[in-house]
Amino acid sequence: TFQTLSYTIDVYRGDRKPEKHFGYFALYVTFFPQLVAGPIERSTRLLPQFFEKHGFDYDRMRSGLLLMMVGFFKKVVIADRISVYVNDVYNNPGKYEGMPVIVATYFFAFQVFCDFSGYSDIAIGSARVMGYDLMENFRRPYFGTSISDFWRRWHISLSTWLRDYLYITLGGSRVSKLKWYRNLLLTFGLSGLWHGAGWTYIIWGSLHGVYLVTSIITLPLRTKIHEFTGLTRIPRVHHVLKILVTFHLVWISWYLFRAPSLSGSRTLFTSTFQNLRLFDPAIFEPMNSVEVITAVLAIVIMEIVHVFQGRGSVEEWLLRRPLPLRWGIYYLMFFAILALGKFTEQEFIYFQF
């Protein structure tokens, strides 16, 4: 729907000529790697690739398979493992209080990221094996330093689609301040509605709109506070603090996104602060201690890789390593997926949206 909408609008605007070959147009609409959950491609980017000749390329195949392996690790080792914990807590509002609810919400933050970015990695990787380039859909979103930066990194194909075809069409920021705020709130409210016709999704999207509007309004005040406290003179500490604040603003919004209903979200959020004990033995109730520790270690490994990604391409780093070490890492990932993966029937979260 989004791809055909963007095609129609692009043709209407004159950004591209109508595609007269039905087969190529049908391939654009039904291109199987990203058909179900994205990335949402543009006709101006994907359609021209169908007219190019794609021969076998070992480097592309290796790169694509490696990316697919990363996607499978995210999905079956992390997302599907911690889904057991998240489902038990969030499907039973009122059953748990304090730390289990907090842990479940942290786990869901990584579950939804690993589940969806894992799918995107598999889609982009499988297309790359065949010779096609799909757009990047996630760029280390939990390292965002503001809500706007988070949305430049999270589900990039959807956020840029909404920006180009809705937000800018409404006038974007080139209007009065009140209309600018309206455009942001409307765009994010509709983003929530796209995920589902329920109040939890609508309020989740609107909350991100409120975050953005609030950040714009409070920017002068926050700048003065940072200068007064001297945070700007310690750039690394300032940078880490911005990441932590942004992550926890997003973390709060996941209460709405995952909860079965608005009342369930309210129950879960309030129960977070009831019987709050740091060393709560109930933490391991939804899942045994070995499973929890395995999940945490897998998340830590993933985030360490993300830190290295911020400094340069991990794939290029791998290619510079000796052949035995490189293939040793490939096999380690492969057998880690086989040994630690949860191979039960777990549908991708974004298939429902």
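This section describes the overall fold, the nonpolar cores and selected backbone features of a predicted model.

The secondary structure of the protein chain consists of 15 helices and zero strands. Along the principal axes, the C-alpha atoms occupy a box of roughly 65 × 60 × 45 Å. The radius of gyration of the protein chain is 22 Å, which agrees with the value near 20 Å that a compact globule of 353 residues would have. Of the 353 residues in the protein chain, 47% are buried. When contacts between residues at least 6 apart in sequence are considered, 73% of them join residues at least 24 apart.

The accessible surface of the protein chain amounts to about 18,600 Å², and carbon and sulfur atoms account for 65% of this surface. With regard to charge, the protein chain carries 36 positive and 25 negative side chains. The centres of these two sets are separated by 8 Å.

The largest nonpolar core comprises 69 residues. Within this core, the residues with the most contacts are Ile-78, Tyr-85, Phe-107, Val-112, Tyr-142, Trp-154 and Trp-254. Two or more residues are contributed to this core by each of helix 4 (58-90), helix 5 (99-130), helix 6 (147-153), helix 8 (177-195), helix 9 (199-217), helix 11 (235-258), helix 13 (289-309) and helix 15 (323-340). Helix 5 provides the largest share of this core, namely 16 residues. Another core, of 11 residues, lies apart from the largest one and has Tyr-7, Phe-50, Ala-127 and Tyr-132 among its members.

The surroundings of Trp-254 illustrate the packing in the largest core. With neighbours within four places in sequence left aside, Trp-254 is in contact with Tyr-90, Thr-105, Phe-108, Ala-109, Val-112, Tyr-142, Trp-154 and Trp-204. Among these partners, Val-112, Tyr-142 and Trp-154 are also listed with the residues that have the most contacts inside the core.

Beyond its neighbours within four places in sequence, Arg-153 is in contact with Asn-137, Phe-138, Arg-139, Arg-140, Pro-141, Phe-143 and Gly-144. The separation of Arg-153 and Trp-180 is 27 residues in sequence and 22 Å in space, taken from C-alpha to C-alpha.

Most residues other than glycine have a negative phi, and most peptide bonds are trans. Against this background, the peptide bond from Gly-38 to Pro-39 is cis, with omega near 5°. Pro-39 is placed in the loop between helix 2 (22-30) and helix 3 (43-46).

Arg-140, one of the contact partners of Arg-153, has a positive phi, near 45°, although this residue is not a glycine. Arg-140 is located in the loop between helix 5 and helix 6. Its relative accessible area is 19%, and Arg-140 is therefore buried, given that the limit is under 20%.

A positive phi of about 40° is also found at His-155, likewise a residue other than glycine. The position of His-155 is in the loop between helix 6 and helix 7 (156-167). His-155 is buried because its relative accessible area is 2%.

Technical notes. Residues are numbered from 1 along each chain as its sequence is written. This is a predicted model: local features need pLDDT of at least 70, side-chain atom pairs count only at pLDDT 80 or more; totals for chains, interfaces and linings use all residues. Side-chain values use heavy atoms; hydrogens and water are left out. A nonpolar core is a set of buried Ala, Val, Leu, Ile, Met, Phe, Trp, Tyr and Cys residues joined through side-chain atoms within 4.5 Å. Buried means under 20% relative accessible area, exposed over 50%, partly exposed in between (1.4 Å probe, protein chains only). Helices (H or I, at least four residues) and strands (E, at least two) are DSSP runs, numbered from the N terminus. Contact means heavy atoms within 4.5 Å. The radius of gyration is taken over C-alpha atoms; the globule rule is 2.2 Å times the number of residues to the power 0.38. Accessible areas come from the Shrake-Rupley method with a 1.4 Å probe; for residues, only the protein chains shown count as cover. Lys and Arg count as positive and Asp and Glu as negative; His and the chain ends are not counted. The place of a charge is taken as NZ of Lys, CZ of Arg, CG of Asp or CD of Glu.
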